Amino acid sequence: MCASVSYPGKLVFVAFLLAASAISADVDPAHKPHSRQPRGLGFFHKIAHIGSLLYQQYNDTTYTLKNVYDLLSNEFTDTFTTTTPDPRTTSTTPDPTTSTTPKYRISRAELGRILNRNYRGLQKLFRLEWNDAWNQTKYNIDDYKRELKNGAFPPRNRTAAGPIDVNLTVEVNADLKKP
């Protein structure tokens, strides 16, 4: 027996789809009914959409800031020691009760000292660069004035042998007609 006979519902469905596609292919596009173009979003719908985008942005920002704060608060110790043991050095007598070494964590005070040192270094670098730029300004202004003067009033061309004497006179013969 044929496989299509055991599923007569599928056979009818396939025949229906083929007939519908043949009918829609025969319709002339000029005789198709006109459909309205979908309208754009209205003013209030746009406002509501912008509001939802702002709300989502606010939620994402607060969630991200909370995660960053939690991450930072878990990475530092609250002990305010002046020195922190170096994780690269190993103790000579290992403790048999612990199987792993604890994670190296710096204290908040140590982080503050590091950031303060970096900040002072950046301030010093900024002052050096600022003073250098300020000192170079007067030389740059002098160079600019000299180039402007040479551009407006170029100096005479001189060669190694001395100035060149060239007769640049032009004789013009023009006959004027009297009216």
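Predicted model: local features only at pLDDT ≥ 70, side-chain atom pairs only at ≥ 80, totals over all residues.
Residues are numbered from 1 along each chain as its sequence is written, and side-chain values use heavy atoms, with hydrogens and water left out.

Next, colour by pLDDT, the predictor's confidence in each residue on a scale from 0 to 100. The protein averages 75, and 58% of the residues score at least 70; confidence is lowest in helix H1 (residues 3-6), with a mean of 50, and highest in H3, at 91.

Now select Lys-66 and Asp-70 in helix H3 (residues 43-75), where the two are four residues apart, or about one helical turn. Their side chains meet in a salt bridge, with N to O at 3.1 Å (the rule asks for a side-chain nitrogen of Lys or Arg within 4 Å of a carboxyl oxygen of Asp or Glu). An α-helix has 3.6 residues a turn, so residues three or four places apart point the same way. Asp-70 is partly exposed, at 29% relative accessibility (buried means under 20% relative accessible area, exposed over 50%, and partly exposed in between, with a 1.4 Å probe and protein chains only).

Move on to the loop between H3 and H4 and select Ser-107, which is buried, with a relative accessible area of 1%. Across the protein, 3% of the 179 residues count as buried. From Ser-107, the side chain reaches the backbone nitrogen of Glu-110 at 3.2 Å, a polar contact being a pair of N or O atoms within 3.5 Å, where within protein one must be able to donate a hydrogen and the other to accept it, and residues adjacent in sequence count only if both atoms are side-chain atoms.

Finally, select helix H4 (residues 108-152), in which Asp-143 and Arg-146 lie three residues apart, about one turn of the helix. Arg-146 forms a salt bridge with Asp-143, their closest N and O atoms being 3.0 Å apart. Both partners are partly exposed, Arg-146 at 46% relative accessibility and Asp-143 at 31%. How many salt bridges does the count come to? The count comes to two.
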